[in-house]
Amino acid sequence: MKLGGIKSVENAHDDSVWAVTWVPATANRPPLLLTGSLDETVRLWRSDDLLLDRTNTGHCLGVASVAAHPLGSLAASSSLDSFVRVFDVDSNATVATLEAPPSEVWQMRFDPKGSILAVAGGGSASVKLWDTSTWELVATLSIPRPEGPKPTDKSGSKKFVLSVAWSPDGKRLACGSMDGTISVFDVPRGKFLHHLEGHFMAVRSLVYSPYDPRVLFTASDDGNIHMYDAEGKALVGTMSGHASWVLCVDVSPDGAAIASGSSDRSVRLWDLSMRASVQTMSNHTDQVWGVAFRPPGGSDARGARLASVSDDKTISLYDYS
């Protein structure tokens, strides 16, 4: 397995690019790349040549996260302005605007069926679930306070929730917190199940294996990527190699590899059969905030793609084979 550089777009935004995801293909168009930036805009790019398709405005502070509906029709952007904007991908019409208190809107993910949008709730120590047919708040999954708070914990006993991930069957939701804790919920029952321990700094990104609803990959500021059995509460592997914070992680569509981005300015490809880094891409000149594999499907028969975004304002596109 390897990555091959296809194209980089410098100054893709006017400021740091913090968020990236793929919008799945529809019957009428191929997949698109969706990026969000500190410049307050969301941009859509053609998937094979990275030509700019359009720029969406509507936020008054930087865009922290972007998410795409699995059918490719809708997407969402969350911002430091505490709003989530849901929009029609093809017309850019605003479908819904979701408001939260300050610092309670971070990473977002649609569930595999597209019926729920999960929003990491930051300082609320919770994940908010929004029904995508009505755009009503249907559940708040709260992280329980730890038993017997440590006197050394100056931040209080609340968790600051940064990241969210759905299991491929949509039954589990995992979230990562600033203190390194990962919390796992049973979504149909609205029940907290357990914490996953092992990281000791912020978990800014996590993703489930597309083939095994038990396997969860997590990226942390402690410099490590962890592989958990999220049901058995077991840490089954640690992958180290980045020289600094690991800011993002994604798993390949074939489930054989993961990619990660770091504040060491590199993108790494990891072979899961060896649990080792097999390639390092060093084309970014600043922190890499997002990596995203293009999902399979649609009429686009070309090979797998990986995109990465960075504080250097650049988007890079790689072939994965």
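Q: Hey, which strand does Val278 lie in?
A: Val278 belongs to strand 25, residues 276-281; strands here are DSSP runs of E, at least two residues, numbered from the N terminus. This is a predicted model, where local features need pLDDT of at least 70, side-chain atom pairs count only at pLDDT 80 or more, and totals for chains, interfaces and linings use all residues. Residues are numbered from 1 along each chain as its sequence is written, and side-chain values use heavy atoms, with hydrogens and water left out.

Q: Is Val278 buried, exposed or partly exposed?
A: Val278 is partly exposed, because its relative accessible area is 34% (buried is under 20%, exposed over 50%, partly exposed in between, with a 1.4 Å probe and protein chains only).

Q: On to Ser262, where is that one?
A: Ser262 sits in strand 23, which covers residues 257-262.

Q: And why does Ser262 count as buried?
A: Ser262 has 0% relative accessibility, so it counts as buried.

Q: What is Ser262 in contact with?
A: Leaving aside neighbours within four places in sequence, Ser262 is in contact (heavy atoms within 4.5 Å) with His242, Ser244, Trp245, Val246, Leu247, Gln287 and Val288.

Q: New topic: what is phi like at Ser103?
A: Phi of Ser103 is positive, near 60 degrees, in a residue other than glycine. Ser103 is in the loop between strand 9 (94-99) and strand 10, and is partly exposed at 37% relative accessible area.

Q: What about phi at Trp135?
A: Trp135 is not a glycine, yet has a positive phi of about 60 degrees. Its loop runs between strand 12 (126-131) and strand 13 (137-142).

Q: Is Trp135 buried or exposed?
A: Trp135 counts as buried, because its relative accessibility is 12%.

How values were computed:
Helix = DSSP H or I, 4+ residues; strand = E, 2+ residues; numbered from the N terminus.
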